[in-house]
Amino acid sequence: MAENVRIDGEKLQVDCPECGQTNAVPLEKILHGPVCGSCQVKLPPPNRPIEVTDQTFDDLVRKSPLPVLVDFWAPWCGPCRMMGPTLESFAGKKAGQVLVAKLNTDESPATQNRFGVQGIPTLIVFKNGRETSRQVGAVSEQVLEGLLPP
Ligand SMILES: [Zn+2]
């Protein structure tokens, strides 16, 4: 499945499911029913993991009106790859309630170091820019659910 949401500064680039037009949506507006600038169809909330880097991480966790579940992972890590489909499914089911993000620790070591992430996968939930829970190791969707703030 193609990536339909990317982050660019404080905006999400959302591909319209109807016409394919890419729309820049400010993070704080993602829950306010943004519509496609081209065909006026309502854009869905992000329903797939969003790739973040050292450059985009802060914007996403600080500006998101939703809790953000960040998966610290790397391509060479077997358990991380096992988590991939779980995170995809979770992001789909929880669209509009949580943003799921993935940070490649090989490409973005600064963020990994800042949060003292040693083993991967590590999953950290942020609410209003603050860490609220953390889990190390590959886990089920039920465990992910339990990490979310009430
Ligand atoms: Zn459209």
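Predicted model: local features only at pLDDT ≥ 70, side-chain atom pairs only at ≥ 80, totals over all residues.

Trainee: Fine. Leaving aside neighbours within four places in sequence, what is valine 100 in contact with?

Mentor: Once those sequence neighbours are set aside, valine 100 is in contact with Pro49, Leu69, Leu87, Phe90 and Ala91.

Trainee: And the largest nonpolar core, how many residues does it have?

Mentor: That core has 36 residues. Those with the most contacts inside it are Leu60, Val68, Leu69, Val70, Val100 and Ala101.

Trainee: Which elements give two or more residues to this core?

Mentor: Strand 1, strand 2, strand 4 (50-52), strand 5 (68-73), strand 6 (99-104) and strand 7 (122-127) do, together with helix 1 (57-63) and helix 2 (78-93). As a general point, nonpolar side chains tend to be buried together in soluble globular proteins.

Trainee: How many of the residues of strand 6 are buried?

Mentor: Five of its six residues are buried, so strand 6 is mostly covered, given that a residue counts as buried with 20 or more other C-beta atoms within 10 Å of its own.

Trainee: Which sheet has five strands, and what is the order?

Mentor: It is an open sheet with the order 4-6-5-7-8 and mixed pairing. Strand 4 and strand 8 are the edge strands, each pairing on one side only. From one strand to the next, the twist averages 25°.

Trainee: Strand 4 and strand 6: parallel or antiparallel?

Mentor: They pair in the parallel sense, over three bridges. Within strand 6, lysine 102 is the bridge partner of glutamate 51.

Trainee: How many bridges join strand 5 to strand 6?

Mentor: Six bridges join them, and the two strands run parallel. Valine 68 has leucine 99 in strand 6 as its bridge partner.

Trainee: Where does helix 2 lie?

Mentor: Helix 2 lies across strand 5 and strand 6, and runs at about 165° to strand 5. Strand 5, helix 2 and strand 6 make a right-handed β-α-β unit.

Trainee: Now the other end of the sheet. Do strand 7 and strand 8 run parallel or antiparallel?

Mentor: They run antiparallel, joined by six bridges. In strand 8, glutamine 135 is the bridge partner of leucine 123.

Trainee: Arginine 134, which strand is that in?

Mentor: Arginine 134 lies in strand 8 (residues 130-136). Apart from neighbours within four places in sequence, arginine 134 is in contact with Thr122, Leu123 and Ile124. The C-alpha atoms of arginine 134 and leucine 123 are separated by 5.6 Å, although the two residues are eleven residues apart along the chain.

Trainee: Why is arginine 134 classed as partly exposed?

Mentor: Because arginine 134 has 15 other C-beta atoms within 10 Å, and the class covers counts between the exposed limit of 12 or fewer and the buried limit of 20 or more.

Trainee: Changing topic: what is the order of the sheet that three strands form?

Mentor: That open sheet has the order 1-2-3, with antiparallel pairing. Strand 1 (5-8) and strand 3 (22-26) stand at the edges with a single partner strand each, so one side of each is left without a neighbour in the sheet. Neighbouring strands here are turned by 30° against each other on average, direction ignored.

Trainee: Over how many bridges do strand 1 and strand 2 pair?

Mentor: Strand 1 and strand 2 (residues 11-15) pair over four bridges, in the antiparallel sense. The bridge partner of aspartate 8 in strand 2 is lysine 11.

Note on methods:
Residues numbered from 1 in each chain as written. Contact = placed C-beta atoms within 7 Å. Pairing = 2+ DSSP bridges. Axes fitted to C-alpha atoms, helices over the stretch in contact; angles between N-to-C directions. Core = buried A, V, L, I, M, F, W, Y, C linked by C-beta atoms within 7 Å. Right-handed = clockwise from strand over helix to strand, strands pointing away.
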